[in-house]
Amino acid sequence: MKPDWDKLMDSFKDSSEVLIADVDCTASGKSLCSEVGVQGYPTIKYGDPSALEDYEGGRDLASLKKFAEGLGPSCGPAHLDLCDAAKKKQIDEFTAMGSEKREADIKAKEAELAKLEEDFKTFVEGLQNQYQEASEKKDKAVQDIKTGSLGLMKSVHAFEKKAKSEL
């Protein structure tokens, strides 16, 4: 993906509306990556720098370029002219909340997201454990059948079949 990403950055280097960049989350960019919620590599983020979203599209140059060409300013406090009436109303409500209330609500929503992620992780771990137990149980049962009577039964069957064909 890195060569395609480098080509994408090069093709948008002169854009005044779209920034295509990369950050090394293992070195000097570690704090920025933590701040914007990067949890795995490579991660592609887009949108308002204060509220980046995860990109889930294709990772080839054509897909990345097509997506990037559709980027630009979007509805937000800095671009109210791009907002519909419902979004403008929401922005007004959030502005009227005041800083402390907004910050508390943001923390509460982030805690909800973290809980959803943790619950999902716990669920997946449970499924993984169930799978492991079922797989081990199946493997033991297969081994018991094979080392039990199946092998000997097949041997007797083949021997008898061969003996009949020789008559």
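Good morning, colleagues. Please bear in mind that the model is predicted.

I begin with helices H4 and H5. H4 spans residues 85-97 and H5 spans residues 99-166; their axes come within 6 Å and cross at roughly 110°. Angles of 65 to 115 degrees count as roughly perpendicular, and H4 and H5 are therefore roughly perpendicular to each other. On the H4 side, the contact is made by Phe94, Thr95 and Met97, while H5 contributes Ser99, Lys101, Arg102 and Asp105.

I turn now to the salt bridges, of which the count comes to 11. Helix H5 holds both lysine 107 and glutamate 103, four residues apart, or about one turn of the helix. Their side chains meet in a salt bridge, at 3.7 Å from N to O. Lysine 107 is exposed, at 53% relative accessibility, whereas glutamate 103 is partly exposed, at 43%.

A further salt bridge joins aspartate 10 and lysine 13, whose closest N and O atoms are 3.2 Å apart. Here aspartate 10 counts as partly exposed, with 46% relative accessibility, and lysine 13 as exposed, with a relative accessible area of 56%.

Lysine 138 and aspartate 139 also form a salt bridge, their closest N and O atoms lying 3.0 Å apart. Lysine 138 is partly exposed at 48% relative accessibility, and aspartate 139 is partly exposed at 41%. Finally, salt bridges that share partners link Lys2, Asp6 and Asp22 in one network.

Thank you for your attention.

Terms used: Residues numbered from 1 in each chain as written. Predicted model: local features only at pLDDT ≥ 70, side-chain atom pairs only at ≥ 80, totals over all residues. Heavy atoms only, no water. Axes fitted to C-alpha atoms, helices over the stretch in contact; angles between N-to-C directions. Helix = DSSP H or I, 4+ residues; strand = E, 2+ residues; numbered from the N terminus. Parallel < 35°, antiparallel > 145°, perpendicular 65-115°, else oblique. Contact = heavy atoms within 4.5 Å. Salt bridge = Lys/Arg side-chain N within 4 Å of Asp/Glu carboxyl O. Buried < 20%, exposed > 50% of the residue type's maximum accessible area, 1.4 Å probe, protein only.
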